[in-house]
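Dear colleague,

I am passing on to you the structure that we spoke about, with the sequence alongside. Please have a look at it first, and then read the notes below on what was found.

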Amino acid sequence: MQKPPHTTASSKYSQRHAELSVEIELHNSRYYRHDAPLIADYDYDQLMLELMALEAAHPELLTPESPSQRVGGAVLEQFDQVVHEMPMLSLSNGFSSDDVSEFDRRLHEQVDQPIEHVFEYVAEPKLDGLAVSVLYENGKLVQAATRGDGKTGENITQNVKTIKSLPLSLGKRAPARLEVRGEVFMPLAGFAALNQRQLDADKKAYVNPRNAAAGSLRQLDSAMTAQRPLDVFIYAVGVFDDTEGAVGVKPETHHAMLMYLAELGLPICPIVEVVSGVDGCVDYYQRTGASRDQLPYEIDGIVYKLNRLDWQRAAGFIAKAPRWALAHKFPAQERTTIVADIDTQVGRTGAITPVARLEPVFVGGVTVSNVTLHNKSEIERLDIRVGDTVIVRRAGDVIPQIVSVVSEARPANAHPYEFPLVCPICASDVLFEGAGIIARCSGGFRCAAQRKQAIKHFASRKAMDIDGLGDKIVDALVDEKLIHDAADLYTLNAETVINLEGFAEKSTDKLLASIGASKKAELSRLIFGLGVPQVGETTAEQLAEHFGYLEKIYTAKAEELERLPDIGPIVAQSVVDYFGSQANQEMLKRLLDAGVEYDKVVTISREEGGELPLAGQTFVLTGALSSMSRSDAKKELQKLGAKVTGSVSKNTSCVVVGADAGSKARKAVELGVKVIDEDEFTAML
């Protein structure tokens, strides 16, 4: 078939190409030179994809100066330049399993293999850090450089030498000249500690670990870099010159090369795997994505590399990336959007919480349009205003948050949020606590918002678990003055409920049945559902296990409460104040009179039955249990006197490992902590 004649791009496409080029170069400069990005990575990727699509449709737009032909950013002037012996290329991106299949199909053509042949790939996490080149001569570290523009980087040798996991000497088995490539990153725990030090010193906190790592590597004083918690994983070799014959036989696969580098003492990512074909790649992507939030560092995708090195050479390169590798990106966890408004919510304790109303943006698998701004301190930290461009992050199932404000994009008419002086719901005075950081409505149960939130909390899954009593139904019941507090739920009847909008006979019966079923509850759930200030699930469980009866808590003194583990004077006084309130006592009486019953907890004291069998021991639960939920397992352990925590340390007595256990199990093994599986756990119980 004859190809259509070549045509020149219209001025419309040329203009769009020019606009995209200018915008992408701006973002390159902000990202690589200043470590202060204006947009999220996903939005940058979309700009680059649009540019490359234009160039594919109109080849005359593609020039050597196009951003699509560049790898990174320009070199910072304050560092010496290093010319890379082998260019440090970027990676082509994929965003779906179809992209992985297409990548695999092209590779079969490029290395002249039948499509039936299943390739081996090396799969590893794509770390969100800064790419570096490290050169060893005769086993000694002599030079380190950033990627820069791919051909020329910045000499950061002294700074890289401060990374404790990177050996300065490789020993006698190293080739005469070995240049390795890797990613410098900042572990999440170190990032949190660094930002706390920044804030304690009245300095600006870093936006994310990637920026913190980049800023640390670009310190002109290596002593400053040495104070930063940097780490590195090596993922490839650039130069391998074994003229002295120290190595013997050069590894023939990418994975064997990584294992050889690990033998030399170079840090390799511990979850690198060899996988088979597209199915193996996608399986690794899904498994790693599912455990992503448990990793001690941030990743934004998976990298697949053809395992055989001779086939890598046969596949070759395009202008900016190797044909034999693909970066399979995770769904965007950061996106850029606009703050359309900031309004106010009133919680069950009266806390006034500002909420940013955003132009809807799809991030981390969901559409986000509202983000809580927490308190006055958070608003001041972000310096956020209505009209601002902001970067929104959502990791896994974590509640979305605004990471930073792009102050350079602030419009002239942007205006700050001001906390109300009176409650927007009941017009009661707003009181400011904690050095003016926390704003709270003083209306108490006179405030309809507080009543609604208290009832919603009472009905929630972790409290009384009243299925079908959603937010809109509670709002309608309170607005119609059909209920005033949680006790009134048990006075509802079919005639009242069926008249609410959206209710029919079946849905009415279902809701009333769910309310009736909630009358029999665990004592800890009832205590938690009451919404006692400062009392969460764990404290509610402690109160239930210690006292056994709700009536005993009524008369407990603060001194007695403070003797319980993890209950201090503030929590103790809050419990005393709540149960000492006449209004709360009347509401509790109406609950019990309505037929609400709770399981009495049999408590064992040293006087009554000796010490509990697991007293003084600390347990950690990780992974999924088949015979019970993690919550139920925790309660069983606590009944036996054990303390259950969320992290493994040398003080941990035992770690219970379920299916798909992650880093906690590995850490337990490293620390020599006892590990048991679910069968051993149930036998122990």
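In this predicted model, C423 counts as buried because its relative accessibility is 3%. The cysteine sulfur closest to that of C423 belongs to C441 and lies 3.7 Å away, which is too far for a bond, since a disulfide requires the two sulfur atoms to be within 2.5 Å. C441 is likewise in no disulfide, its nearest cysteine sulfur being that of C426, at 3.6 Å, and C441 is buried, with a relative accessible area of 5%. Across the structure, the number of disulfides is zero.

A427, by contrast, counts as exposed, because its relative accessibility is 54%; this residue sits in the loop that runs between β18 (415–416) and β19 (430–433). From the C-alpha atom of A427 to that of A624, which is 197 residues away along the chain, the separation is 48 Å.

Further along there is an open sheet of four strands, ordered β24-β23-β25-β26 and paired in parallel, in which β24 (643–645) and β26 (674–677) are the edge strands, each pairing on one side only. From one strand to the next, the twist averages 30°. Strand β25 (residues 654–657) is joined to β26 by four bridges in the parallel sense, and V656 has I676 in β26 as its bridge partner.

Two helices accompany this sheet: α23 (residues 630–639) packs on it, touching β23 (618–622) and β24, with its direction at about 170° to that of β23, while α24 (residues 663–671) lies across β23, β25 and β26 and runs at about 140° to β23.

Technical notes
Residues numbered from 1 in each chain as written. Predicted model: local features only at pLDDT ≥ 70, side-chain atom pairs only at ≥ 80, totals over all residues. Heavy atoms only, no water. Buried < 20%, exposed > 50% of the residue type's maximum accessible area, 1.4 Å probe, protein only. Pairing = 2+ DSSP bridges. Axes fitted to C-alpha atoms, helices over the stretch in contact; angles between N-to-C directions. Contact = heavy atoms within 4.5 Å.
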